[in-house]
Every structure is written in C-alpha cells, then in structure tokens.
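Work through the exercises below with the sequence and the structure at hand. Try each task before reading its solution.

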Amino acid sequence: MQHAGMNRLALAVGIIAFGLAVVGCGGEGGEGPVVPPPPAPAEYADKHMPAGWWADAKIIEEGRELYIGGKNPDVNCASCHGKDGKPVKAGARDFRNGERMKMYSDSVCFWRISEGVPNTKMKPWKSKLSEEDRWKIMAFERNFGLAGKGWDTAKKDWVSAAEVGSGAAPAAAPAAAPAAVPAAPAGKSGK
Ligand code: HEC
C-alpha cells in the first residue's frame, strides 16, 4: 500500500518537473534544439496546397482572417501563436523561426493543424476548419518564417512561391513513375 503511494508521489513529482522544463523552454523564446518533426501519417502524406495558392493574395488574406479569429472566434490561432507569429502563450510554436519551419513540409503542417499535437495545447482543428480553410491559414502563416515561399512537392523543399505554381514542378519527375509496372495487364487483355 505505502509502496504504491510512494510510487505515485514520485510519478507526480516527475510529471511536474517535466512540465516545468517544457514551459521553461517555451517561455524563453528559444524552443530548445531545432529537430525535424515526425513524418506525416499516410492519410496526410499526399495532401498538398491547392495549385497556385501559395502565391494567391486573396487566399492569403482569407487565411489571415481565419488565423486571427476574424471569421470564427472559436478558431483564433493568434491567441497562442501571436498576430505576427511571435508566440503569446508559452510553448506555442514560433512561426518566425524559419530554421524550424522549413523542416515542415506542407503535408506535415497540414497534419498538425488537422490533428493537433498530443499532450499539448495545440488542439485538432479539423472539426472547426474545412480542408480549404486549413490550407488558407497555412498560406498565410508560412509567411512569418518563410516569407514568399511555397513547398515544392517535386523538390521536397521550400522554394519561391511563384516557382511552385509555374508548371516546373510536374515536369521534374514523371518519367520514372510508369516504368515500374509495365507487363502485368498484357496477358489478361484477351479476356
Ligand atoms: C491554445 C493555444 C493554441 C492555439 C489556439 C493554436 N495553437 Fe498551434 N500550437 C500550440 C502549441 C502549444 C504548439 C506546440 C506543440 C508542440 O509542442 O509540438 C503548437 C504548434 C503548432 C504547429 C506546429 C506543430 C508541430 O509539430 O510543432 C502549427 C503548424 C500550429 N500550431 C498551427 C496552429 C494553427 C493554424 C492554429 C489555428 C487554427 C493554432 N495552431 C492554434 C498552441 C496553440
């Protein structure tokens, strides 16, 4: 009995200490070491910004409205992440940190906005924001740390937003894809 009690106390102390450590990192504006985020799970890995949106001023403006809670007060990213991307709540990601943000592909970012980050104040937003609205917010939000850039799905990197929609990206890769499975359907073609 007593033993179990002690264990529980130790656990509680541990949790509190860990919590303080986490808050400490966030509060200083330094967010600890910049490490890559985990990869997006399968259902998000192929989701990408709609064509042309990175450079679309109207979309970006709609994203800004959403981000500051202008359309729906229940969705106010700025209440934690700050209107200018400077966090106002401890632990919220600093979007001005381009070194960190550039490690997030559009899919990873979209996944995090959709599903949140477990055990943090970052909630899932998919029930309150349509997919389109989530992309609009991202089109706005990336400008804090990655001004004027967009994710190039072929290069797997952030490039100038104007370049993303230019048609250069699709031309980069297509040759490789069809070559992989040529033979199988031929035998069946008779019936
Ligand atoms: C209640 C505070 C709060 C609100 C509101 C909030 N966030 Fe966050 N957000 C956080 C915190 C805290 C983190 C850091 C989570 C972590 O430790 O990985 C975070 C992280 C993120 C990340 C990075 C995820 C990662 O893997 O590091 C993105 C992108 C993000 N938020 C976008 C948004 C968007 C878009 C909105 C509005 C729809 C929003 N957040 C609203 C608190 C908030």
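**Exercise 1.** Which residues does Val-75 touch, not counting residues up to four places away in sequence?

Solution. The model is a predicted one. Step 1: find Val-75 in the loop between H3 and H4. Step 2: list its contacts, leaving out residues up to four places away in sequence; they are Leu-66, Gly-69, Trp-125, Lys-128 and Leu-129. Step 3: take one of these partners, Leu-129. Val-75 and Leu-129 are 54 residues apart in sequence, and their C-alpha atoms are 8.1 Å apart in space. Step 4: classify Val-75. A residue is buried with 20 or more other C-beta atoms within 10 Å and exposed with 12 or fewer. Val-75 has 19 such atoms, so it is partly exposed.

**Exercise 2.** Describe the order of helices and strands in the protein.

Solution. Step 1: count the elements, which come to 10 helices and two strands. Step 2: read them from the N terminus on, which gives α-α-α-α-α-α-α-β-β-α-α-α. Step 3: turn to the contacts between residues at least 6 apart in sequence; 61% of them join residues at least 24 apart. Step 4: look at burial. The protein has 191 residues, and 23% of them count as buried.

**Exercise 3.** Which residues of helix H3 are buried, and where do they lie around the axis?

Solution. Step 1: go through residues 57–67, which form H3; the buried ones are Ile-59, Ile-60, Gly-63, Leu-66 and Tyr-67. Step 2: look down the axis of H3. The buried residues fall within an arc of 115°, so they line one face of the helix. Step 3: recall the general rule. An α-helix has 3.6 residues a turn, so residues three or four places apart point the same way. Step 4: check the other side of H3, where Ala-57 and Lys-58 are exposed. Step 5: find the cover over the buried residues, which includes H4 and H7. Just after H3, Gly-69 has a positive phi of about 80°.

**Exercise 4.** Which residues have the most contacts inside the largest nonpolar core?

Solution. Step 1: the core has 26 residues, and those with the most contacts inside it are Met-49, Trp-53, Trp-54, Cys-109, Ile-137, Met-138 and Ala-139. Step 2: the elements giving two or more residues to this core are H3, H6, H7 and helix H8 (161–164). Step 3: follow Ile-137. Not counting residues up to four places away in sequence, Ile-137 touches Gly-63, Leu-66, Tyr-67, Cys-77 and Ile-113.

**Exercise 5.** Which residues come nearest to the ligand?

Solution. Step 1: of the 21 residues around the ligand, the nearest are Cys-77, Cys-80, Arg-112, Thr-120 and Met-122. Step 2: sort the shell by class, which gives 11 nonpolar, five polar and five charged residues. Step 3: assign the shell to elements; helix H4 (78–81), H6 and H7 each supply at least two of its residues.

**Exercise 6.** Is Asn-119 buried or exposed?

Solution. Step 1: locate Asn-119 in the loop between helix H6 (106–115) and helix H7 (131–141). Step 2: count its neighbours. With 7 other C-beta atoms within 10 Å, Asn-119 is exposed. Step 3: look at the backbone, where Asn-119 has a positive phi of about 65° although it is not a glycine. Step 4: repeat this for Lys-156, in the loop between strand E1 (149–152) and strand E2 (157–160). Lys-156 has 8 C-beta neighbours inside 10 Å and therefore counts as exposed. Its phi is near 55°, again a positive value in a residue other than glycine.

Methods: Residues numbered from 1 in each chain as written. Predicted model: local features only at pLDDT ≥ 70, side-chain atom pairs only at ≥ 80, totals over all residues. Helix = DSSP H or I, 4+ residues; strand = E, 2+ residues; numbered from the N terminus. Near = placed C-beta within 6 Å. Nonpolar A, V, L, I, M, F, W, Y, C, P; charged D, E, K, R; others polar. Contact = placed C-beta atoms within 7 Å. Arc of directions from axis to C-beta. Core = buried A, V, L, I, M, F, W, Y, C linked by C-beta atoms within 7 Å.
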